[in-house]
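Good morning, and thank you for coming. Please look at the structure on the screen while I guide you through a few of its details.

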Amino acid sequence: MEPTIYRFILRYSKREQILLLIMTGLSFPFLYLSLDLPKQIINDALGAKSGKAFPTTWLGFEFEQLEFLWTLSFLFLVLVCINGAFKYYVNVFRGQLGERMLRRLRYILFARILRFPLSHFRKVSQGEIIPMITAEVEPLGGFIGDSLALPAFQGGTLLTILTFMFVQDPILGLAAIALYPIQMYIIPKLQAQVNALGKQRVRAVRALSDRIGENISGIGEIHANDGARLSLARFTTRLDRIYDIRFEIYRRKFFIKFLNNFLAQLTPFFFYSIGGYLAITGDLSLGALVAVLAAYKDLSAPWKELLNFYQRLQDAFIKYEQVIEQFDPPGTMDAEMQTTEPESVPRLDTPIKTSNLGLVDDDGVVLLESVGLTIPSGQKVALLGPSSGGKEALTLVLSRLQPPTSGQIAIGEHDLASLPEAVTGRRVGYVGSSAYVFTTTIRENLLIGAMHRPLSEPERDDNAMSVWRKNLADARITGNSTDDPDADWVDYQAIGVAGPDALPERLMELLDIVDLRDDCYVLGLRGTIDPVARPDVAERVLSARRAFAEKLKGDPALGDLVEPFAADRYNTNATVAENLLFGTPVGAAFTADTIAAHPYVRQTLDSVGLTDDFIKMGREMAATMVELFADLPSDHEFFSQFSFISPDDLPEFQTLIQRIDRGGLDPLGEEDRARLLSLPFKLIPARHRLGMLDDAMQVRILNARRSFAENLPEELRVSVAFFSTAAYNAAASLQDNILFGKVAYGQADANARIGVLIAEVLDGLGLRDTVIEVGLDFNVGIAGSRLSASQRQRIGIARVLLRRPDVLVFNDAVAMLDAASQSRVVAAVLRQAKDTTVIWTTQRPEIAAAFDRVIMMQGGQLTADGTPEDLKREGNSFHAFAAGA
Amino acid sequence: MSLNEEVELLRNIPLFAKIEPSKLKLLAFTSERLIYQDDQVLVHQGDMGDAAFIIIDGTASVTIDTDAGEIEVAIMGKGDVVGEIAILCDVPRTATVKASSKLTVLKITKELFFRLVNEFPQISIEIMRELAARLERTNAQLRGALSRGSGS
């Protein structure tokens, strides 16, 4: 990378900077004219200089006085416009240039992160790197736009004015700049101290974000070990440090400012004293002194700007330097190795031969020592040994994730070190002990293993196309990636399928290998689909709904399990809110917490005359809650499980009820009414058994349901997806769409029995795979947080198997799984990878038994090499290890 | 059946006869009412127990797995309490309880059960009485079995 910011600027924006300079230069004459023209208007047109005769000749034309005035005034207006336009254009151009350079810089930095040696990430944390690319370089963009044009413009202005002053009187001119040398000497010295502090500040802030990041990562430990006070104390120390530095910077910065101001004010002292003396002695006209004083006033503005620029310049220098020194660790990969598409990607189904392989980490610890190993193509090798015995290091080196410190790895005729990532990342597969899952769907997490380059253009309409063209042009100008992220990146050939249509089948196979099929089925039942995009699936789910209803009808023992939704029947297993809405809420308007307060809901209750009844019901419920729960301690679990009223609100309801008992419901204020009104919405007759919703009340709520749906204003229609026997409900999950009703309370094991029923229905209709496919579209949450560690690991394994590499390297890849699935997954992977070379590290000898060959790594060296049978034979190091483990 | 009816039913059970109605209401409100179909299993011998059951309607059979096979030791009906031993002594379920008709029960969690016992010593006395009665019954069965065994 360019060592200083000016090298960076010149390398990537020389042309633009020159253009900017030319534009700045061009603006000078107009600026000068616009300053000069007022003098002409006053002197010539208005005739301040007496004896001017009209008509007068100007630029070869003859003018009367008024005409002349109009013309000059109009010209002045034109100049103002031209100057404004110049300024606007130069500013926009400067802004664009700055933004382009910023985006280029960020791209370069990010691209470098992708090429850092993996070992570097043990030394720098996310918390340090992220603010460098996001916050620290941000001000550089603005500076780059100004980097040449601003000093040129302000310097030019300064020179012009100085020239004018020297022309007026050389001595006064000298006086005006007499203190400049002092400023130019002292200020850089002071500034250097500020710069040093600035560097410290950058480091301290990085340490702060590192600290924050660490606390977020370890938040569970902090809670579990009562560590908050220590965290807070340590954080305070960091803040202390930053505060001290920043305060010191402020002190010094303001001292520099004070000094500048003082020196600027000192100069007029010379004018008054020396200039005054000269004027009295008659060596200088009074007019000239006044002119010089006025000019001096103009002088201070550009001088201030220049000094200010100098401070920004220093700041930018530090920022740039401090960022890029972090982005140039030794061992950074060449960009060519990572992003250049080779002419052909050779197969690596040839023997692997390592010679004299050694790896020493940064602390000088020997991880691998002269490992010489030949693995024939297609062999299945288990690497056994104690942890940190070298087997992990060997897998990292073999998959080219870490370059060896000495020795070579040859795969057939290829030297592994010289192969680009386009070969190693496609023909070699590596899965570590905790695979990372990206924040997207399971499907995309699997496919990401075979997404290396854009393969076919996406379809775009004219609008999208023009946006894409513009973005592409910008990307080209700024040296960013020109690959199309919306294209189809999936390498179907590598996966071994003809195209997207054949993909689901292959994904199902993979789910089977890693035992994820049932998990995806469960996720699929919880998932939603877009019935517009997938009308076929919606139609089949509706047929499942019908089949499920038939099943319930056919068996009286099952009939009680689910109370189906029916437009003309009250559902006693649903809340009053659900009965009123008779649909699934979409967005925030009608959720369980908000529905009672919604104006339209209140209006509906009013229109069917239910408001007062609801308030009465609310009073009764509140009275019951007070009676039942008043004696319980406020942290009792019954509150969260059973009470309609939180323990904090209970005392208020207690007094409210006492008030009502004394004075009745009528004198209640709106707030109290709303409070009581909200309670019945949560009532579920079958669950709470409070006996408050008699048949008559249920009929009235059904009336409200009808009124609610009929009068629903247009803009609220998007807030609810109504239940309809014949239509798929896009807002509800697949399972809810199939049930189309509420699971009944009080039926023992209801959920388990319903699960079995749904599975029977889906299998009967051949819908299970469809549900699993919906499960593939389950969003896994941030870094897969909605999945278990073992599910994430299974996805990691399937992701690599998907693209069928020639060499598969597994580093303790199933350790996260339970013992039974470990052997099952290993066996399934080995079956799948019949012709593939497989290298698998494990701690468990019984897993090694499934392999062709077993190698033992201890102390960074290869200590034994044999067959699984040797594990059982006594008197070798295998047996010793197996017995010890 | 509404909450008040359940409270009425609970009051007729000797175990709860002396407890004030508002506490019984809390007991009923916070307890799940469950319906079991004929032959559905409430508790499995050997499982850990977290709840006792009060039978509101229907009957349940209590069986014990022995080396000689399954032996039915009791039939429980309306008002009987089952499953309390496992939560009293923190031992696995000592018997299997199965619905022998359509059965409605009130499921009382361990936590709630202990709360009641703590607050109302009468309950403890009733439970002691019940357990003593069962022990006497078991002794009688044992005597019978022993005399039959020595006789043969």
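Let me begin with a single residue. Asp865(A) is partly exposed, because its relative accessible area of 42% falls between the limits of 20% and 50%. Please keep in mind that we are looking at a predicted model. Asp865(A) has a salt-bridge partner, Arg853(A), and the closest N and O atoms of the two are 2.7 Å apart. Arg853(A) belongs to strand E17 of chain A, residues 853-858, while Asp865(A) belongs to strand E18, residues 861-866. The two residues are twelve residues apart in the chain. Is Arg853(A) buried or exposed? Arg853(A) is buried, since its relative accessible area is 10%, and the limit for this class is under 20%.

Asp777(A) and Arg443(A) form a salt bridge with 2.9 Å between the closest N and O atoms. Asp777(A) sits in the loop between helix H31 (768-776) and helix H32 (789-802), whereas Arg443(A) is in helix H14 (residues 442-447), and 334 residues separate them. Here Asp777(A) is partly exposed at 39% relative accessible area, and Arg443(A) is buried at 17%. Over all chains, the count of salt bridges comes to 49.

I now turn to the interface of the two chains. How many residues does each chain bring to the contact? Chain B gives 23 residues and chain A gives 22. The area buried between them is about 2,000 Å², and carbon and sulfur atoms account for 55% of this area. Three salt bridges are found across the interface. One of them joins the side chains of Glu627(A) and Lys25(B), at 3.5 Å from N to O. On the side of chain B that touches chain A, the elements that give two or more residues are helix H1 (3-11), helix H2 (21-30), strand E1 (32-36) and helix H4 (110-119). The largest share, seven residues, comes from H2(B). By class, this side of chain B has ten nonpolar, six polar and seven charged residues.

Another salt bridge is formed by the side chains of Glu6(B) and Arg689(A), at 2.8 Å from N to O. Glu6(B) lies in helix H1 of chain B and Arg689(A) in the loop between helix H27 (685-688) and helix H28 (695-710) of chain A, so this pair joins two chains. Both Glu6(B) and Arg689(A) are buried.

Let us return to chain A and examine Glu136(A), which is found in helix H3, residues 126-136. Glu136(A) counts as buried because its relative accessibility is 10%. Its side chain makes a polar contact of 2.9 Å with the side chain of Arg206(A). Beyond residues up to four places away in sequence, Glu136(A) touches Pro131(A), Val202(A), Arg206(A), Lys319(A) and Val323(A).

Asp90(B) is placed in the loop between helix H3 (84-89) and strand E7 (96-99) of chain B.

Thank you for your attention.

Terms used:
Residues numbered from 1 in each chain as written. Chains lettered and ligands numbered in written order. Predicted model: local features only at pLDDT ≥ 70, side-chain atom pairs only at ≥ 80, totals over all residues. Heavy atoms only, no water. Contact = heavy atoms within 4.5 Å. Buried area = accessible area lost by both parts, 1.4 Å probe. Salt bridge = Lys/Arg side-chain N within 4 Å of Asp/Glu carboxyl O. Helix = DSSP H or I, 4+ residues; strand = E, 2+ residues; numbered from the N terminus. Nonpolar A, V, L, I, M, F, W, Y, C, P; charged D, E, K, R; others polar. Buried < 20%, exposed > 50% of the residue type's maximum accessible area, 1.4 Å probe, protein only. Polar contact = N/O pair within 3.5 Å; in protein donor to acceptor, adjacent residues only side chain to side chain.
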